[in-house]
Amino acid sequence: MSLAENFPIWDKLTKEQQDRISQVTTLNKIKKGTVIHNGSMDCLGMLLIRSGQLRAYILSEEGREITIYRLFEHDVCLLTASCVMPNIQFEIIIEAEKDSEVWVIPACLYKNLMEESLPLSNYSNDLISSHFSDLMFLMEQIMWKSFDKRLAAFLLEESRLDETNNLKITHEKIANHMGTAREVVTRMLRYFQNEGMVKLTRGAVEITDPKAMECLAES
């Protein structure tokens, strides 16, 4: 898929604007585990995901991580260009969860285009609003939903993403996604195992009763 096909409002830009984007945009191949953006001081630019999977997360002062959202094929991320909107300071970290290919539109060019193009400016505002909606949804889940339900929902999401009930994921990795301690995850997974919903092995969690897991997540 080409850059033009991946850019959501490409057809609403002028030919001259399209040419400027094409001339400076780079397609970067990123290895799994690579941190490609680290905090608001790192003004990378707009990201368009051609393939792979990225994870956006925040980091507490104590070093605890919590995932805000994932980025997949065709997704766009603008929080990696924090200098485009100087009133928004968002300490977000983005890493590759899988080997990925990402187009990067430099922040300086994107800022200039936002000032020229009303469609691009409106799209950018909608995109920022969507990112913050993801954050608010996460906060609501943390505040109002018990951990067992959150963990069940997370495991089901991982199962859908990997298209398998046998998840190759450590307790530490789950804790990083959910913003909690590994010991908390381990205790809850052992409870799930005692209830017959999962089977635990080294470095893996197998969902053995998806229906019970879904009932728990939705209760």
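**Conventions.** I worked on a predicted model, where local features need pLDDT of at least 70 and side-chain atom pairs count only at pLDDT 80 or more, while totals for chains, interfaces and linings use all residues. I number residues from 1 along each chain as its sequence is written, and side-chain values use heavy atoms, with hydrogens and water left out.

**Sheet.** I took helices (H or I, at least four residues) and strands (E, at least two) as DSSP runs, numbered from the N terminus. Two strands pair if DSSP finds at least two bridges between them. I found an open sheet of four strands, ordered S2-S7-S4-S5, with antiparallel pairing. S2 (35-38) and S5 (65-71) are the edge strands, each with a single partner strand, so one side of each lacks a neighbour in the sheet. S2 is joined to S7 (residues 93-96) by three bridges, and I noted His 37 opposite Ile 94 in S7.

Buried means under 20% relative accessible area, exposed over 50%, and partly exposed in between (1.4 Å probe, protein chains only). This core has 42 residues, and those touching the most other members include Phe 7, Leu 54 and Ile 94. H4 gives the largest share, six residues.

**Salt bridges.** I counted 12 salt bridges, each a side-chain nitrogen of Lys or Arg within 4 Å of a carboxyl oxygen of Asp or Glu. Arg 55 forms one with Glu 65, with the closest N and O atoms 3.1 Å apart. Arg 55 lies in S4 and Glu 65 in S5, so this pair ties together parts that are 10 residues apart in sequence. Arg 55 also forms a salt bridge with Glu 95, again with 3.1 Å between the closest N and O atoms; Glu 95 is in S7, 40 residues apart from Arg 55. I recorded Arg 55 as buried, at 1% relative accessible area, and Glu 95 as buried, at 11%. A network of salt bridges links Arg 55, Glu 65, Glu 95 and Lys 173.

Asp 19 is partly exposed, at 30%, whereas Lys 15 is exposed, at 56%.

**Helix H4.** I placed Met 139 in H4 (residues 118-144); Met 139 is partly exposed at 35% relative accessibility.

Note on methods. A nonpolar core is a set of buried Ala, Val, Leu, Ile, Met, Phe, Trp, Tyr and Cys residues joined through side-chain atoms within 4.5 Å.
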